[in-house]
Amino acid sequence: MRAEPMIEHSSTRDDRDWSSAAIGKLRADQNRSADTHLVAVPIPGLPDVDLYLKDESTHPTGSLKHRLARSLFLYGLCSGLIGEGTHIVEASSGSTAVSEAYFARMLGLPFTAVVARSTSRSKVDLIEFYGGRCHFVDDPALVYEESRRLAADTGGHYMDQFTFAERATDWRGNNNIAESIFEQMTLERHPVPRWITVGAGTGGTSATLGRYVRYQCLDTRIAVVDPENSVFFRSYRDGEPAAWNGDGSRIEGIGRPRCEPSFLPHVVDRMAAVPDAASVAAAHFLRDRTGALAGPSTGTALYLATKLACEMDAPGSIVSLMCDTGVRYLPTYFDSEWIAAQGWDLRPYLDVLERAWDSGEWTG
């Protein structure tokens, strides 16, 4: 009896050469820009506590999301989901879309950000500056489904940062933000931080940090901060996904109306909900005390980092993140009339921070 022939089938898409070249461009960008400064910020009233800010605003696209966008592109390329000419679609009105537009232009790919119609003109301008376009929806809750639909209709790829942020980054190392922090801390007085504080946006950064410290068997604890009208804190506290919150976060870059799949509560050691006025006050305080101009999400994490510093009963260090540059927010979060229109009174929170930094006492 004659042997039956094997049945074979080959992919009709053969763009390995293009993909290899694209990956090379992304790795070259990583080699140029992956490491950012770790800035020591002395707290006069707490001389035994060393505070550091990991300044992610120095990336080419000006924010922490530069790392995530590059990782998402590498994930898509290496998984065979992105090829030459693929239309890239993302649900984002913030820094992730800005960074993804940058990388899409680098690779010669069309990019569309699905954004709420209420998105600030400054963010839309940045996305368009890098060659992307914005597709507007009236209901912010529809950005996910509309992104899937648009990708399907165009034969494109929906990046889905809120699902893939925690898996696109190699949490074991490979020059991720966690490995970078600990390498830069090596020669410091207290090289293993007691705490690292980070805001909750996709959940991907806290997932990377939390996994890394466990993998390396380090004593560092991960503290995550959440702004008003975000569900991450309630989900963490109650041990189950919180319901949709239709109001949405007023602190750009962090906070979500649903608990995103990339948020991994079991690698988080502590969570706190920070008032929006406190987040903005902390960004102003940082500028006034150090000259560093950072966005409001940096203030959210700094507010909790200061509280943790006041609670420490032994010498040690804390690392927080400077997520993006405050230049983007000069017409809003750093404008007194705009702040007043939001109904925010920064003075009580500035008083808390001033007392904490000058005397080491937390009164918030």
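Let's start with Phe103, which counts as buried because its relative accessibility is 0% (buried means under 20% relative accessible area, exposed over 50% and partly exposed in between, using a 1.4 Å probe and protein chains only). Phe73 is buried as well, at 0% relative accessibility.

A quick word on what you're looking at: this is a predicted model, where local features need pLDDT of at least 70, side-chain atom pairs count only at pLDDT 80 or more, and totals for chains, interfaces and linings use all residues. Residues are numbered from 1 along each chain as its sequence is written, and side-chain values use heavy atoms, with hydrogens and water left out.

Now for the rings. The structure holds 16 aromatic pairs (rings of Phe, Tyr and Trp, the last by its six-membered ring, pair if their centres lie within 6.5 Å; planes under 30 degrees apart are stacked, over 60 edge-to-face, and the rest tilted). One of them joins Phe73 and Phe103, a tilted pair at 6.2 Å centre to centre with 50 degrees between the planes. This pair links distant parts of the chain, 30 residues apart: Phe73 belongs to helix α2 (residues 65–78) and Phe103 to helix α3 (residues 95–107). (Helices are DSSP runs of H or I with at least four residues, numbered from the N terminus.) Ring pairs also bring Tyr102, Phe129 and Tyr130 into a cluster with Phe73 and Phe103.

Finally, hop over to Thr300 in helix α11 (residues 296–311). Thr300 is buried, since its relative accessible area is 0%. Leaving aside residues up to four places away in sequence, Thr300 touches Val225, Ile251, Ile254, Val274 and Ser279, where contact means heavy atoms within 4.5 Å.

Note on methods: Helix = DSSP H or I, 4+ residues; strand = E, 2+ residues; numbered from the N terminus.
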